[in-house]
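Hi,

Here's the structure I said I'd pass along.

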Amino acid sequence: MDTFLVLTPGSYSTIQDKGRFGYQHLGIPISGALDTYAYRIANLLVGNPEDSAVLEVTVVGPQLAFLKETYVALTGADMEMTLNFTPVECWKSIRVEPGDVLNIQSIRSGCRGYLSVAGGIAVPRVMGSCSTYVGGKIGGYKGRPLIKGDVVQTGRGFLLTSPKQLPKSLIPRYSDEIQLRAVPGPQDDFFDEGLMTLFEAEYTVTNNADRMGYRLQGPPIIHRDNVPRSIISEPTIPGGIQIPADNQPIILLVEQTVGGYTKIATVISTDISKIAQIMPGNTIRFKRVDLDTAHAIYAENERMIRQVSNLFSNQQ
Amino acid sequence: MAGGIFEKAKFRIAGDRGLLVEYGETIDPGVNQKVRSMTMVVEKNMPDGIKEVIPTYRSILVLYDPAVTTPTVLQEKLTAMEERLSGIDIPPPKVVDIPVCYGGEFGPDIDYVAESHGLSVKEVVRIHSEPEYLIYMVGFTPGFPFLGGLSEKLHTPRLETPRTSVPAGSVGIANNQTGIYPITSPGGWQLIGRTPLRLFSPERVNPFLYQAGDRIRFKPISSEEYDRLAKEGGE
């Protein structure tokens with residue numbers, strides 16, 4: 001069923017779900033919502049399964065005219081948003097009626113917002129996923145970001161009996177100075193001093209920052225003597241901190257499948273959501289954690305999302 | 001560095017959801033055969049908590065769910081499987097011809113590759129199009145084939161800083177590897193030519209012309225032939 005018409009598309013708005021798994025060996029990247037925390041909560045706020053397809057909007061959001069009665073919620077970046085020119089809040093379900101215009105404007109903090117719609121955005125699945133992979137022109141809405149005039153459909157949802165709002169304490173705050181936790185490896189043995197540099201220095205995010213990866217600038221990370229500068233190409237995973245020949249780190253993200261440079265450390269999966277909200281010019285510090293700590297953080301994050309899920313289902 | 005298969009697999013931690021298992025540290029058909037056999041065995045048995053297995057030249061990346069398993073448990077299971085590995089049937093390879101127009105605007109780095117090895121451009125073309133290359137791995141972008149067997153005479157390091165956009169069809173060299181960019185994407189390989197073939201067609205039932213384990217031959221073509229084939233492919 002037709003749900004909304006795109007009046008203005010915003011700077012880069014794509015349909016994403018949890019990602020396209022199982023095809024990395026053919027060079028198909030995972031894609032999917034970069035901030036998985038905001039993405040999952042957005043779905044829970046409108047009563048969707050947490051892995052439904054949503055709209056990922058970047059820096060400047062779209063203006064949408066609704067064609068049917070439904071609920072929506074915007075999470076992630078703190079964005080100014082109005083419904084028929086009246087300001088509405090993020091991290092909260094909002095009822096919309098046919099003819100309503102939702103205007104997601106510019107960001108106050110963060111970088112990417114997630115707009116969920118009750119029933120989930122409905123687009124054909126490509127290789128098992130609704131996620132847009134713009135580089136490969138597949139998935140989402142015709143394999144591309146939304147443009148003016150697109151009409152987007154949603155699946156069969158239900159109307160919430162009561163609107164939902166995420167408790168304030170669970171809403172992340174996005175700062176210009178970010179700490180990312182990382183586990184050394186897979187090629188930490190190619191570095192000695194380089195590891196100290198990585199975990200002590202401050203890095204600035206360059207303008208080369210997108211869903212493929214974030215290029216950083218700061219003190220060069222030097223390989224040990226007598227080790228190759230590059231390796232036989234191997235698969236990458238989101239969060240891998242790659243050190244290319246110019247010694248400036250690149251954090252690899254979800255639209256990448258293999259790489260031939262060494263990866264000194266890997267940002268823990270929970271903190272990929274933080275990366276999604278980082279803007280060029282922000283500064284990053286890396287904090288070293290061991291694998292057990294990373295797994296504990298992962299478990300805690302899952303527990304927190306389950307708690308939100310339970311809280312919301314009890315409200316129904 | 002010694003070639004061949006490691007006596008014991010080397011395990012590397014790749015974040016909180018990945019375990020990289022290396023079976024060798026060279027580009028070697030025997031090592032790759034082991035990788036492909038292990039991939040098949042692991043995928044057949046799929047121990048609890050494994051979400052995906054990604055084969056490469058000389059290693060497999062195992063993605064796992066940390067809520068279900070740990071790298072220590074996986075390490076034991078994979079080692080046990082490796083010991084039982086024998087007589088695995090691997091499907092026979094097919095050979096795919098890839099027409100390439102070398103040099104000029106299609107291969108902006110071919111002069112650099114030629115000069116750094118004291119070769120003429122013609123010699124680079126001849127040497128590059130001679131072997132039948134084994135596809136060790138597919139990745140980077142949809143259908144990007146990583147090929148082994150590049151002549152030592154052409155080994156050339158990657159660019160210092162990768163290009164932000166490499167046109168679809170570009171054929172490149174990175175150290176001892178050669179490959180083709182199936183879609184326009186960033187990339188750091190030395191570009192020596194371009195194919196007019198579409199290597200990734202998501203609308204087709206089988207979007208790819210080849211898979212890991214198949215073989216590729218490059219056939220030099222003129223720019224007129226390139227234009228003709230590009231037109232045919234576009235229809």
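About 40 Å³ of space sits in the second largest cavity. Keep in mind that this is a predicted model. The residues around that cavity are A:Gln63, A:Thr82, A:Asn84, A:Phe85, A:Val101 and A:Asn103; by class, that makes four polar, two nonpolar and no charged residues.

Searching the whole structure gave three cavities of 30 Å³ or more. The largest cavity comes in at about 60 Å³, and its lining takes in residues of chain A, including A:Glu234, A:Pro235 and A:Lys263, as well as B:Ala14, B:Leu20 and B:Leu61. Strand 14 and strand 17 of chain A each give at least two residues to that lining.

Now for the interface. 47 residues of chain A touch 50 residues of chain B, and the two chains bury about 3,700 Å² between them, with 63% of that on carbon and sulfur atoms. There are three salt bridges between chain A and chain B. One of them pairs A:Asp189 with B:Arg12, with the closest N and O atoms 2.8 Å apart.

On the chain A side, strand 11 (177-184), strand 14 (230-235), strand 17 (258-267) and helix 4 (291-315) each supply at least two of the residues that touch chain B. Strand 14 gives the most, with six residues. That side of chain A has 24 nonpolar, 19 polar and four charged residues.

Cheers

Methods:
Residues are numbered from 1 along each chain as its sequence is written. Chains are lettered from A and ligands numbered from 1 in the order in which they are written. This is a predicted model: local features need pLDDT of at least 70, side-chain atom pairs count only at pLDDT 80 or more; totals for chains, interfaces and linings use all residues. Side-chain values use heavy atoms; hydrogens and water are left out. Contact means heavy atoms within 4.5 Å. Buried area is the accessible area (1.4 Å probe) that two parts lose on being put together, summed over both. A salt bridge is a side-chain nitrogen of Lys or Arg within 4 Å of a carboxyl oxygen of Asp or Glu. Helices (H or I, at least four residues) and strands (E, at least two) are DSSP runs, numbered from the N terminus. Ala, Val, Leu, Ile, Met, Phe, Trp, Tyr, Cys and Pro count as nonpolar, Asp, Glu, Lys and Arg as charged, and the others, Gly among them, as polar. On a 1 Å grid over the protein atoms alone, a cavity is a set of points where a 1.4 Å probe fits but cannot get out, and a pocket is an open set with protein on both sides within 12 Å along at least five of seven lines; lining residues have an atom within 4 Å of a point. Grid points are joined across faces, edges and corners, and a volume is the space filled by probe spheres set on the points.
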